[in-house]
Amino acid sequence: MKKTALLASVSILSSIVIPGLATVSHAADEILVSATRRAESIQEVPVSVVSLTGDTLDKVGIYNEAELTTYVPNFEFASNSIQTNLYIRGIGSGPTHAIEQSVGRFVDDLYTGRADMSILGFMDVASVEVLRGPQGTLFGKNTIAGAIVINTGAPTNELEGGVSATYGDWSTVNSYQEVQGYISGPLSENVRGRIALKWRDDGGFVENVLPGPDSSDRRDLQGRIRLDFDLSDRTVVQLKGEFHDLEVNGQPLNEQAQPSPAPGRNDIFEAALGPGVLGLNWRNGINCEVEPIVDLGGGELVNTGQFCPFKNQDTYAASMIVDHEFPGVGTLRSITGYQSYDWDEQFISVDNGILGGTFRAERAEKYEALTQELRFTSEEFESFDYIIGAYFEDSSIDRFQRSNFNFRTLTGGGPFQTRNQPWGQNTQTFAIYGQGSYQVTSDLEVTVGARWSRDRKDYRFSQFWNEYRTQTPLAGPPTFELTPDEESWSNFSPSVHVGYDVTDDVLLFASVSRGFKSGGFSDRVESEDSDLVYDPETNTNYEIGMKSTFADGAVTLNLTGFYMDFTDQQVAAIVPGSAGDFTVTNAATSTSKGVEAELLWDVTDAVQLGGNWAYTDATFDEFDGPCSAAPAPGQVNMDGSCSYSGFALPYAPKSKGSVFVDYLAEDLAGGWDVNLRGTASFSSSFFVNSTYEPGEFQGSYQKFDATIRLVSPNDRYSVSLIG
């Protein structure tokens with residue numbers, strides 16, 4: 001169930017420009033995107049893409065990728081204690097760390113492959129682009145559903161800076177505060193620099209009725225420094241380093257206790273806390289001060305110890321980008337990147353800690369990646385242009401999974417023990433790619449591209465047991481260590497795009513492209529004989545569309561129709577009746593088809609109307625998976641699995657969209673501008689997991705946002721009230 005609460009926030013933004021050195025600039029009406037790896041007008045690229053500028057993000061209060069889902073149809077963000085996931089057109093990776101992401105994430109041209117890097121909030125962002133549909137040719141593997149491209153602020157030639165402070169209050173409990181700022185400018189004749197910092201403290205909106213932190217009390221500290229060097233009039237070097245320190249105290253939102261259709265679930269909470277204590281008022285009950293005494297049966301009482309949910313994560317990234325121009329030919333770009341994170345967490349599920357911790361999870365993960373890309377982008381010649389490149393990645397993951405089971409308290413029987421499952425994986429990727437565009441006539445352009453890639457992964461896993469929450473070895477349950485395994489997969493992903501200019505203001509386009517996501521190894525193993533390997537998945541995407549402007553540029557209308565055909569789609573699903581165990585399989589086939597539309601109308605110089613909408617029909621054509629608690633008649637197969645053929649894919653609402661109105665009154669009060677903006681968004685219902693349990697259903701919902709913004713006469717200060 002989607003968990004929401006009302007909030008109100010006040011944001012104060014101050015942009016400080018040193019007098020005599022610079023003036024505040026305003027972005028042009030034309031929106032430039034990098035969907036084709038070139039800076040082009042969004043109305044000229046034959047791709048379904050939504051772009052939001054940094055100014056828009058500030059105006060409507062978008063501070064992370066999850067908030068983007070309100071304004072980008074066919075884009076969903078799922079965050080839980082298992083895995084953060086991005087979904088486009090109903091395609092994502094599901095709740096497991098083993099599967100690669102389906103939506104690629106790129107920050108300043110650097111690929112960030114792991115989902116745990118998606119939880120970082122926005123800081124000093126210039127623009128965000130969401131590319132829908134496979135981007136296999138230019139962006140590579142793991143963009144089988146699409147890509148999100150984040151461009152941060154670049155060093156400037158003039159000295160400038162800015163600072164913003166935000167205070168927000170939830171309608172339930174707690175508040176949040178945020179301060180961020182930057183300073184940018186020249187350090188010498190040939191060197192420019194930019195520093196950005198951000199601090200955020202968000203208490204979360206779920207109240208804990210027992211002694212312990214509310215959910216999820218989160219603190220973020222981020223920093224970034226970038227230096228640009230002009231080595232010559234043809235060569236520029238960019239050096240960038242950043243860090244993010246995350247600290248969360250309290251239970252993850254997805255694990256909150258809410259009224260459940262499962263038999264007996266509500267009785268557990270009411271018996272422990274009293275009738276109606278949790279209710280629908282965004283409350284939970286996690287005692288972080290008392291050491292629970294549990295009855296194991298037969299009068300055996302055991303102290304299970306304190307266990308308070310938390311997550312701590314340290315993330316680091318560094319990159320060097322070198323651009324060298326060959327006059328009259330093109331530009332060679334080298335992108336070298338290093339990324340790492342280290343996190344550990346604890347969370348509770350099933351009984352929410354009330355009965356002494358029926359399931360207590362302890363997790364830790366370390367990740368490192370070194371990437372190198374070389375890309376040559378030609379000049380745009382009269383009739384053709386091209387891009388060629390090569391990509392290499394070497395990454396490693398080490399993960400420790402410790403699960404503490406205490407089902408005797410809940411059922412009077414069952415395990416009272418701790419399972420340990422350390423696993424690791426190394427990945428090497430190599431790819432070469434190219435794309436060329438040919439101007440057949442003055443109105444017709446054809447673009448052909450392809451990418452060949454090869455992935456090699458090695459895997460290690462072991463399982464052993466201890467007495468409950470101790471280091472004392474426990475005999476009996478299966479203990480084993482798998483022989484390290486290695487697999488490799490290769491893929492060829494072509495693409496063809498055709499664009500036809502009906503007029504100077506109307507572009508028709510059609511495309512066929514393929515996306516690829518490599519195979520891998522499941523991170524949950526039942527026995528030494530388990531089949532761990534799952535196959536790659538592929539997506540063939542067909543699109544037709546129109547990008548147009550009317551009424552002398554006052555009206556923009558973009559339409560895209562798509563049909564995506566998946567083969568061997570990778571599916572991760574919770575095993576019903578288990579304590580958080582997952583199975584990873586390949587669905588035989590699935591399809592996602594629909595329509596996406598965006599409209600923007602400058603009614604007057606002061607009034608702007610806009611909206612977007614997507615209709616999506618994303619279903620499994622053939623998929624046999626684990627059964628839900630109450631499968632439908634005829635759904636159960638002979639082997640005990642259940643057929644989900646014809647079921648909608650998770651995170652794939654049939655209909656989703658938003659509309660907004662924006663009013664700008666210039667020089668209204670003492671030379672201050674007043675900007676009013678209201679947004680209404682909606683989504684139809686969808687499931688959040690492919691086992692289709694009743695508690696995994698999100699009903700349809702509506703959301704209403706409003707902003708009042710005051711801007712000073714010199715554009716240096718603004719104050720916003722966001723609700």
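Strands are DSSP runs of E with at least two residues, numbered from the N terminus. The model examined here is predicted, so local features need pLDDT of at least 70 and side-chain atom pairs count only at pLDDT 80 or more, while totals for chains, interfaces and linings use all residues. Residues are numbered from 1 along each chain as its sequence is written, and side-chain values use heavy atoms, with hydrogens and water left out.

A search of the whole structure returned 9 cavities of 30 Å³ or more. A cavity is a set of points, on a 1 Å grid over the protein atoms alone, where a 1.4 Å probe fits but cannot get out, and its lining residues have an atom within 4 Å of a point. Points are joined across faces, edges and corners, and the volume is the space filled by probe spheres set on them.

The largest cavity holds about 260 Å³. Its lining comprises 22 residues, with Arg105, Val107, Leu120, Arg224 and Glu242 the closest to its centre. At least two lining residues come from each of β7 (103-107), β10 (146-152), β15 (217-230), β16 (235-249) and β20 (310-326), and β16 gives the most, with 4. This lining has 11 nonpolar, 7 polar and 4 charged residues (nonpolar: Ala, Val, Leu, Ile, Met, Phe, Trp, Tyr, Cys and Pro; charged: Asp, Glu, Lys and Arg; polar: the others, Gly among them).

Turning to the second largest cavity, its volume is about 140 Å³. Of its 18 lining residues, Phe106, Tyr111, Phe139, Glu373 and Tyr391 lie nearest the centre. Here β8 (110-111), β22 (359-378), β25 (423-439) and β26 (444-467) each supply at least two residues, and β22 provides the largest share, 3 residues.

Terms used. 1 Å grid on protein atoms, 1.4 Å probe; cavity = no way out; pocket = protein on both sides within 12 Å on 5 of 7 lines; lining within 4 Å.
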